[in-house]
Amino acid sequence: MPTTTRALSVPSAGAPFEAVDLERRDLRDDDVRIDVAFAGICHSDIHTVRDEWGAAHYPIVTGHEIAGTVSAVGDGVTKYKVGDRVGVGCLVDSCTECENCKNGQEMFCSNGSVGTYNSQNYDGEWAAGGYSQQIVVTERMVLRIPEGIELDEAAPLLCAGITTYSPLRRWGAGPGKKVAVVGVGGLGHMAVKLAAAMGAEVSTLSRSSAKADDAKALGSSNHIATSDEDAMKAAKGSFDLIINTVSADLDMETYVRLLRPNGALVNVGLPPNKLAVNPGSLIGGNKVLTGSNIGGIGETQEMLDFCAEHGIGATIETLDASDTTTVDAAYDEVVAGKVRYRYVIDTSTIPA
Ligand code: NAP
Ligand code: ZN
């Protein structure tokens, strides 16, 4: 039987959250039902409900940083049992048969992966995300949260963690490498923790010095206020790898200039406008300007295990959603760069 759960939903662009009933499908053979404990607020949730990317389909239940406990399993489920601590990230299905799925890059599924929200399941049903008390997901897309990471601090790893872990690994962050993280927000603070744990020398680039002490505590040995022209000049040509996590438009030339020859600038931030770079800025120095999209399911599990091994969780502020305007206000605070460093909704507080 389908179950009814409580969720936070946005009925139209710009409208506030409201608590609603949401139906979750009856368990298929390969499905896991999860009692969601915490759901992180990613800036992508905000871009989506405010329709900054276009193509938003309302009503929307956002949330793709989900942590909780298995409460039921379908007859054919083998990986999970009731009581297991699990997570769900940005994907809830993929075809499993195309080259990209077989290579562990389910996000690039040739037949179209299914996102956790604002996305249609293969049966046509609209997916609804983690700002809810239950979710039903095929076991293939469910991650195991290792003992040693609390569920609230684990939730943001499912998007902010994997989105930064994947390019850090791909571009060789490690001992002897100088890594800069631009934007110390949800993704940025995870990039700092992960790059430091990988052994890289980490710098943070932020709009001001306001986050300098925090950045140091997260693992940055050099905090640069991007408003400080002399400090930016001094940093020219000094980084092997730059991860840009900024959610707003940035002048790429300014950051390409900070790369060493053969260095790479990986853009993970997703503002709606185009990036502009002079080809000469890349050619002079064999520089790489690239992007990175979350990570596959296997790599997400690898990231969670890495976090457990290194004692890493997200730095969070927990939200009580019993007054749903708290979540609306939290969205404004994220946009204003005020969150330290990820809001996590305690889903048990969603009003009955
Ligand atoms: P966030 O917590 O809001 O962090 C973004 C940071 O960018 C802020 O903390 C701020 O850092 C900086 N910033 C914000 N506005 C700025 C402005 N006008 N000028 C310069 N810097 C500014 O957001 P998030 O959740 O980390 O997400 C960041 C971006 O990544 C979003 O666009 C999101 O959609 C995208 N994203 C992409 C993927 C992917 O797969 N590629 C996955 C998840 C999210 P300072 O205060 O330090 O300056
Ligand atoms: Zn996200």
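**Entry 1: Lys193**

I began with K193, which touches L218, I312, G313, A314 and T315, residues up to four places away in sequence being left out; contact here means heavy atoms within 4.5 Å. This is a predicted model, in which local features need pLDDT of at least 70, side-chain atom pairs count only at pLDDT 80 or more, and totals for chains, interfaces and linings use all residues. Residues are numbered from 1 along each chain as its sequence is written, chains are lettered from A and ligands numbered from 1 in the order in which they are written, and side-chain values use heavy atoms, without hydrogens and water.

I located K193 in helix α5 (residues 186-197); helices (H or I, at least four residues) and strands (E, at least two) are DSSP runs numbered from the N terminus. A salt bridge is a side-chain nitrogen of Lys or Arg within 4 Å of a carboxyl oxygen of Asp or Glu. I did note a polar contact between the side chains of K193 and T315, at 2.8 Å. Such a contact is a pair of N or O atoms within 3.5 Å; within protein, one must be able to donate a hydrogen and the other to accept it, and residues adjacent in sequence count only if both atoms are side-chain atoms.

I recorded both H64 and C159 as buried.

**Entry 2: the cores**

Which members of the largest nonpolar core touch the most other members? Of its 64 residues, I noted V142, L168, L194 and L241. Helix α5 supplies the largest share of this core, 6 residues. A second, separate core of 27 residues includes V49, Y131, A321 and V334. A nonpolar core is a set of buried Ala, Val, Leu, Ile, Met, Phe, Trp, Tyr and Cys residues joined through side-chain atoms within 4.5 Å.

I also checked A191 in helix α5, which counts as buried because its relative accessibility is 0%. Beyond four places in sequence, A191 is in contact with T164, L168 and V181.

**Entry 3: salt bridges**

I found 11 salt bridges in the structure. In one of them, E302 pairs with R169, the closest N and O atoms being 3.9 Å apart. E302 lies in helix α10 and R169 in helix α4, so the pair ties together parts 133 residues apart in sequence. R260 pairs with D240 at 3.1 Å between the closest N and O atoms. R260 is partly exposed at 30% relative accessible area, whereas D240 counts as buried at 19%.

Notes. Buried means under 20% relative accessible area, exposed over 50%, partly exposed in between (1.4 Å probe, protein chains only).
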